[in-house]
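I opened the notebook to record what I looked up, entry by entry. The entries follow the order in which I went through the model.

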Amino acid sequence: CGSGLPRPLRVAWLRSLPPQLRPLGAMSGLGGGDGVELVDFLGEWRDSLGHDVRVDWARSGEQLDVQLARPRSNREPIRLDIKPLGRRGFACGHYDLDVERSHPSRIVW
């Protein structure tokens with residue numbers, strides 16, 4: 001649902017859905033204001049180390065699947081997941097989100 005939309009439209013689309021129609025955990029996280037929500041991770045971009053990052057919904061709908069790949073590499077991507085930690089934010093692999101320095105357009109682990 002909505003996964004074919006560009007990231008900003010997809011996030012806006014998910015936010016526009018009534019809570020009962022959103023995937024489980026879609027808007028969980030830090031709550032109101034500029035807090036990071038699970039949908040803010042969705043999409044494709046390049047991280048600060050130069051990895052290509054792709055984030056999609058996991059089959060369970062309660063977390064996200066992450067693939068990290070080096071550009072122009074023949075190696076299989078590294079696979080991680082992003083899990084909500086309630087009011088504490090999110091975890092990806094063995095890193096926790098830096099809730100003080102992160103916002104929807106900049107994620108700091």
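**Salt bridges**

I began with Asp 56, which is partly exposed at 27% relative accessibility. The model I am reading is a predicted one.

I then looked for the partner of Asp 56 and found a salt bridge with Arg 54, where the closest N and O atoms are 2.8 Å apart. Arg 54 counts as partly exposed, because its relative accessibility is 40% and that class runs between 20% and 50%.

How many salt bridges are there by this rule? I noted a count of 4.

I went on to Asp 52 and Arg 46, whose side chains meet in a salt bridge at 2.8 Å, N to O.

Is Arg 101 exposed or buried? Arg 101 is exposed, because its relative accessibility of 51% is over the 50% cut-off. Asp 98 has a relative accessible area of 22%, so I listed Asp 98 as partly exposed.

I turned to the strands next. I found an open sheet of 6 strands in the order β1-β2-β3-β4-β5-β6, and the pairing is antiparallel. The edge strands are β1 and β6 (95-96), each of which pairs on one side only.

As background, I noted that strands of a sheet pair through backbone hydrogen bonds, either parallel or antiparallel.

I looked at one pair in detail: β1 and β2 are joined in the antiparallel sense over 4 bridges. Which residue in β2 does Gly 43 stand opposite? I read off Val 55.

**A loop residue**

Where is Arg 72 placed? I located Arg 72 in the loop between β3 (64-69) and β4 (78-84). Arg 72 is exposed, because its relative accessible area is 83%, and over 50% counts as exposed.

I also checked Arg 72 against Asp 52. The two residues are 20 apart in sequence, and their C-alpha atoms are 9.9 Å apart in space.

**Ser 102**

I found Ser 102 in the segment after β6. Is Ser 102 buried or exposed? Ser 102 is buried, because its relative accessible area is 9% and the cut-off for buried is under 20%.

I then looked at the polar atoms around this residue. The side chain of Ser 102 reaches the backbone oxygen of Asp 98 at 2.8 Å. A polar atom of the Ser 102 side chain also lies 2.8 Å from the backbone nitrogen of Val 108.

**The largest pocket**

My last entry is on the largest pocket, for which I noted a volume of about 810 Å³. Which elements give two or more residues to its lining? I listed β1 (43-46), β2 (52-57), β3 and β4.

The lining holds 27 residues, and Trp 45, Asp 47, Val 53, Ile 107 and Trp 109 lie nearest the centre of the pocket. I sorted the lining by residue type and got 16 nonpolar, 5 polar and 6 charged.

Technical notes
Residues numbered from 1 in each chain as written. Predicted model: local features only at pLDDT ≥ 70, side-chain atom pairs only at ≥ 80, totals over all residues. Heavy atoms only, no water. Buried < 20%, exposed > 50% of the residue type's maximum accessible area, 1.4 Å probe, protein only. 1 Å grid on protein atoms, 1.4 Å probe; cavity = no way out; pocket = protein on both sides within 12 Å on 5 of 7 lines; lining within 4 Å. Points joined across faces, edges and corners; volume = space filled by probe spheres on them. Nonpolar A, V, L, I, M, F, W, Y, C, P; charged D, E, K, R; others polar. Pairing = 2+ DSSP bridges. Polar contact = N/O pair within 3.5 Å; in protein donor to acceptor, adjacent residues only side chain to side chain.
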